[in-house]
Amino acid sequence: MDLDVFVSAHRAEWDRLDALLARRRRLTGAEADELVTLYQRAATHLSVIQSAAPDPQLTGRLSQLVARARSAVTGTRRASWRDVTQFLTNGFPAAVYRARHWWVPTALISTAVAALLGWWTGTHPEVQASIAAPAELREMTRPGGQYETYYSSNPATSFAAQVWTNNAWAAALCLILGVFLGLPVLWILFQNMLNLGVGFGLMSSAGRLDTFLGLVLPHGLLELTAVFVAAGTGLRLGWTVIDPGPRTRRTALAEEGRAALAMAIGLALVLFVSGAVEGFVTPSGLPTWTRITIGVVAELAFLAYVYILGGRAARAGATGDVEPSERSATVPTAA
């Protein structure tokens, strides 16, 4: 394609579109229709130039022009409570449901790794000796020791806020760093399972496994599920870099990245609930069976939310991505 000829043939249209955008608040009906038509044609021109004769300066100018025109045509939409409801009842559960083939195996494998680390720690005195001195281990695992007092070391409100902040940050890192082929996600996940496995092994070797489970299960079921969802989503994002499927890599990353961002917001709410349980229920004086029941109910409620509500929304076409009208404009490109 002769770029100079192409520019000469369409420069007048681009200049006219620029002029209409400069006075878009004072357009007549006919001029508004003309602006829409010129916007569509400019978007097509941009696609042709990008695919046939890319020129950085011209591409930059047309990209800005198309972006301004799209803003004028589509307008600015304010978020409303309807958007929040739509996100909580469709977008977020659908995104978690769609990612189940990633986070469910992640949860199973991670739990197996934590159990293996716990068995290894609990049955090998030399491993325990490498963690801390015998006196320190006894202080950690004894009745009223560090493992038990940890959950009541601060006022419930501040402790819950601290736990929620730490867990939300870990989940966000899994989602953000997933784009690096998922490798940082594996490391974050291993660190979490290592901490869990070591505690499991030390308390088991001290004959206090029931106490440990009574402290961990009330909040840990929902908390770990949220971490597994974040890790699985991060791993899927990393795999998208390797294999974007029928989409272009750029399009695939944009779609999955937006869904991951929405997932981060939703998981922050889930972790808020688990943080509240950890701050107020875990250290409470309630019987162990009551505390564990609360944790199981919270976990089952989340799974029902994902598989019933999210499954229905996913089958209806929800993906967790933003609405089509809110996405960047895309135009056909040459194969």
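This is a predicted model: local features need pLDDT of at least 70, side-chain atom pairs count only at pLDDT 80 or more; totals for chains, interfaces and linings use all residues.
Figure 1. Phe 302 is buried, with a relative accessible area of 6%. Helix α4 covers residues 81–98, and its axis comes within 7 Å of that of α13, the two crossing at roughly 100°. This angle makes α4 roughly perpendicular to α13. On the α4 side, the residues that meet α13 include Leu 88, Phe 92, Pro 93 and Tyr 97. Among their counterparts in α13 are Phe 302, Tyr 305, Val 306 and Leu 309. By class, the contact of α4 with α13 comprises 13 nonpolar, four polar and two charged residues.

Figure 2. The structure holds eight aromatic pairs. In one of them, the rings of Phe 200 and Phe 212 have centres 6.3 Å apart and planes at 80°, so the pair is edge-to-face. Phe 200 lies in helix α10 (residues 183–205) and Phe 212 in helix α11, so the pair ties together parts that are 12 residues apart in sequence. The two partners fall into separate accessibility classes: Phe 200 counts as partly exposed at 27% relative accessibility, whereas Phe 212 is buried, with a relative accessible area of 6%. Phe 302 and Tyr 305 also form an aromatic pair, which is tilted, with 6.4 Å from centre to centre and 40° between the planes.

**Figure 3. Close-up of helices α11 and α12.** Helix α11 (residues 209–242) packs against helix α12 (residues 249–281) at an angle of about 170°, and their axes are 9 Å apart. With this angle, α11 is roughly antiparallel to α12. The contact of α11 with α12 divides into 17 nonpolar, five polar and five charged residues. An unreviewed UniProt entry annotates residues 221–239 and 259–277 as "transmembrane region", and the annotation also covers residues 102–120, 168–189 and 289–308. Residues 221–239 are 100% helix and 0% strand, with end C-alpha atoms 27 Å apart. Residues 259–277 are likewise 100% helix and 0% strand, and the end C-alpha atoms of this span lie 27 Å apart.

**Figure 4. Close-up of Thr 240 and its contacts.** Thr 240 is located in helix α11. At 5% relative accessibility, Thr 240 counts as buried. Leaving aside residues up to four places away in sequence, Thr 240 touches Arg 249, Ala 252, Leu 253 and Glu 256.

Figure 5. Thr 59 is found in helix α3, which runs over residues 56–74. With a relative accessibility of 16%, Thr 59 counts as buried. Residues up to four places away in sequence are not counted here; apart from these, Thr 59 touches Leu 46, Ile 49 and Gln 50. Val 48 has its place in helix α2 (residues 29–52). Val 48 is partly exposed, with a relative accessible area of 30%.

Figure 6. Leu 181 is found in the loop between α9 (156–177) and α10. Although Leu 181 is not a glycine, it has a positive phi of about 60°. At 46% relative accessibility, Leu 181 counts as partly exposed.

Figure 7. Pro 125 has its place in helix α6, which spans residues 125–131. Pro 125 is exposed, with a relative accessible area of 58%. The C-alpha atoms of Pro 125 and Leu 202 are separated by 9.8 Å, while the two residues are 77 residues apart along the chain.

How values were computed:
Residues are numbered from 1 along each chain as its sequence is written. Side-chain values use heavy atoms; hydrogens and water are left out. UniProt positions are given in the numbering used here, feature names are shortened, and annotations may be inferred rather than shown by experiment. Helices (H or I, at least four residues) and strands (E, at least two) are DSSP runs, numbered from the N terminus. Axes are lines fitted to C-alpha atoms, for helices over the stretch in contact, and angles run from 0 to 180 degrees between N-to-C directions. Angles under 35 degrees count as roughly parallel, over 145 as roughly antiparallel, 65 to 115 as roughly perpendicular and the rest as oblique. Ala, Val, Leu, Ile, Met, Phe, Trp, Tyr, Cys and Pro count as nonpolar, Asp, Glu, Lys and Arg as charged, and the others, Gly among them, as polar. Buried means under 20% relative accessible area, exposed over 50%, partly exposed in between (1.4 Å probe, protein chains only). Contact means heavy atoms within 4.5 Å. Rings of Phe, Tyr and Trp (its six-membered ring) pair if their centres lie within 6.5 Å; planes under 30 degrees apart count as stacked, over 60 as edge-to-face and the rest as tilted.
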